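Hi,

Here's the structure I promised to send over.

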Amino acid sequence: MKNIKILEGLAEIQSVDEQKKSIDEHRPFSKELENKIFQKLKLDWNYNSNAIEGNQLSYGETVAFLNFGLTAKGKPFKDHLDIKGHNEAIGFMLQLIKEDRPLSESDIKDLHKIILVEPYYSTTFSPEGIEFQKEIKVGQYKTSPNHVKTVSGDIHYYTNPEEVAFEMNNLLEWYRNAEEQNLHPVVMSALFHHKFTSIHPFDDGNGRLARILSNFILLKHHYPVLVIKNKEKIQYYAALNIADNGIYEDLVKLFAENISLSFNIIQKAINGENINEPDDLDKEIELFVKESQISIDTVLNFEQNKEYLIEHYVIDFLRYLLPKLNKIGTLFQESTIEYSKITYLLENFKLLVKDIALNENDSNEEFRFSIYLKDHINDEFNYDFDLEVLLKRKTVKYTISRTFWIDHPIVDPYPETEYIYTNIYNYSIDNFQIFNEISKEIISHAINYIKNKTKQG
């Protein structure tokens with residue numbers, strides 16, 4: 001710890017402390033001013049931390065989604081979930097600070113669970129270069145290596161899965177010692193960040209979680225939120241790589257410089273100046289709303305808004321539903337989905353979504369998909385159902401029906417249709433609520449159906 005304490009003497013650290021001292025003279029802030037400052041920094045943080053990891057939402061789209069619930073035209077549904085989860089994780093982190101209790105592994109796992117929202121599958125590669133789908137679990141340490149290939153082609157190694165619990169315990173012990181020895185909060189935050197990312201304890205979400213934990217340390221010591229800008233990520237990654245060799249100056253300086261920028265925003269707010277940058281709220285929100293062709297005063301026209309409706313009420317729904325259907329696919333001998341006379345294996349749902357985007361010629365404002373689940377016990381146990389989505393006026397209607405075949409004296413076999421589920425929603429309702437409710441109906445019906453058939457057999 002002695003060598004680390006030397007970092008407290010960096011000019012950038014001294015400068016940040018001078019800013020803090022100057023700003024602390026104006027405390028306590030009014031509740032209005034405090035909220036104004038934190039909301040600005042939180043929006044910057046939500047956008048940049050997710051953008052660093054490849055999230056496609058722009059700053060304006062992020063603000064529109066968090067403040068007004070507007071989903072961004074043409075952007076993946078998961079990107080919205082990531083923003084939502086990250087924002088809720090910030091709230092959980094603030095509660096930890098309010099309770100003023102020691103940070104635990106349980107807290108870290110809970111934060112991870114909140115950030116990632118739900119399990120999902122991600123494309124990855126084996127050490128032999130073979131591509132496969134890996135399930136990303138939430139709130140659980142990794143069970144397989146997550147080393148990465150760098151731009152230079154070298155492999156960057158993280159802690160092996162079997163050592164993660166031990167190293168995480170060591171990290172928290174290091175953090176407790178750093179607190180007891182009054183290590184400077186900016187130095188402590190930077191080093192904790194590097195140690196956490198070196199372990200890379202989870203399958204995904206490590207970068208976002210590391211930045212949340214860094215800000216947890218800073219906020220506990222009354223420093224402002226640190227925002228690493230997406231445009232600085234090359235410098236950020238370089239500083240982390242240098243720290244791998246035990247050289248922390250670059251990372252500590254980067255943290256101090258960005259904390260200084262946050263102090264500048266606070267000072268502007270104190271002075272009554274505008275703290276929004278030119279590309280902030282007003283300009284990007286206005287552009288976003290124009291692009292999306294959304295107006296709360298008018299009824300959406302199907303033809304004019306067809307692309308928007310397909311993306312947000314059909315494609316995004318399938319992105320949400322199909323990975324969940326993949327999970328019960330092992331109960332069946334065969335799992336397929338049919339659209340426009342083309343059949344796909346369920347695990348190839350990405351190809352299906354692409355095909356839908358290229359084939360938007362369905363008539364009568366209607367989109368129909370057939371999902372087939374074939375029993376692994378005998379050929380007679382075949383379960384299939386149609387999903388019909390109708391988009392009309394200012395409502396979206398989802399109908400799920402199951403088609404089964406019976407003996408008929410004239411037409412053999414003869415199809416009969418059982419309507420399982422139907423509901424109508426307003427366009428303004430939260431998409432996630434719709435997707436979650438209907439997906440539960442589909443999954444539970446499929447599981448109950450196979451349970452009943454198994455009992456009968």
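**What turned up**

Pro-28 is found in the loop between helix H2 (11-24) and H3; helices here are DSSP runs of H or I with at least four residues, numbered from the N terminus. The peptide bond joining Arg-27 to Pro-28 is cis, with omega about 0°.

Before you go further: this is a predicted model, where local features need pLDDT of at least 70, side-chain atom pairs count only at pLDDT 80 or more, and totals for chains, interfaces and linings use all residues. Residues are numbered from 1 along each chain as its sequence is written, and side-chain values use heavy atoms, with hydrogens and water left out.

On confidence, pLDDT (the predictor's confidence in each residue, from 0 to 100) has a chain mean of 80, and 67% of the residues reach 70 or more. Residues 376-381 stay under 50, and the model has 10 contacts for them beyond four places in sequence; a contact means heavy atoms within 4.5 Å.

Now the helix pair. The axes of H3 (residues 31-52) and H4 (residues 59-68) come within 10 Å and cross at roughly 115°. Those axes are lines fitted to C-alpha atoms over the stretch in contact, with angles from 0 to 180 degrees between N-to-C directions. Among the residues making the contact are Leu-43 and Tyr-47 of H3, along with Val-63 and Leu-66 of H4.

Two lysines sit over tyrosine rings: Lys-20 over Tyr-223, at 5.3 Å from the ring centre, and Lys-109 over Tyr-141, at 4.4 Å. The cut-offs are NZ of Lys or CZ of Arg within 6 Å of the ring centre and within 35 degrees of the ring normal.

Cheers

How values were computed. Helix = DSSP H or I, 4+ residues; strand = E, 2+ residues; numbered from the N terminus.
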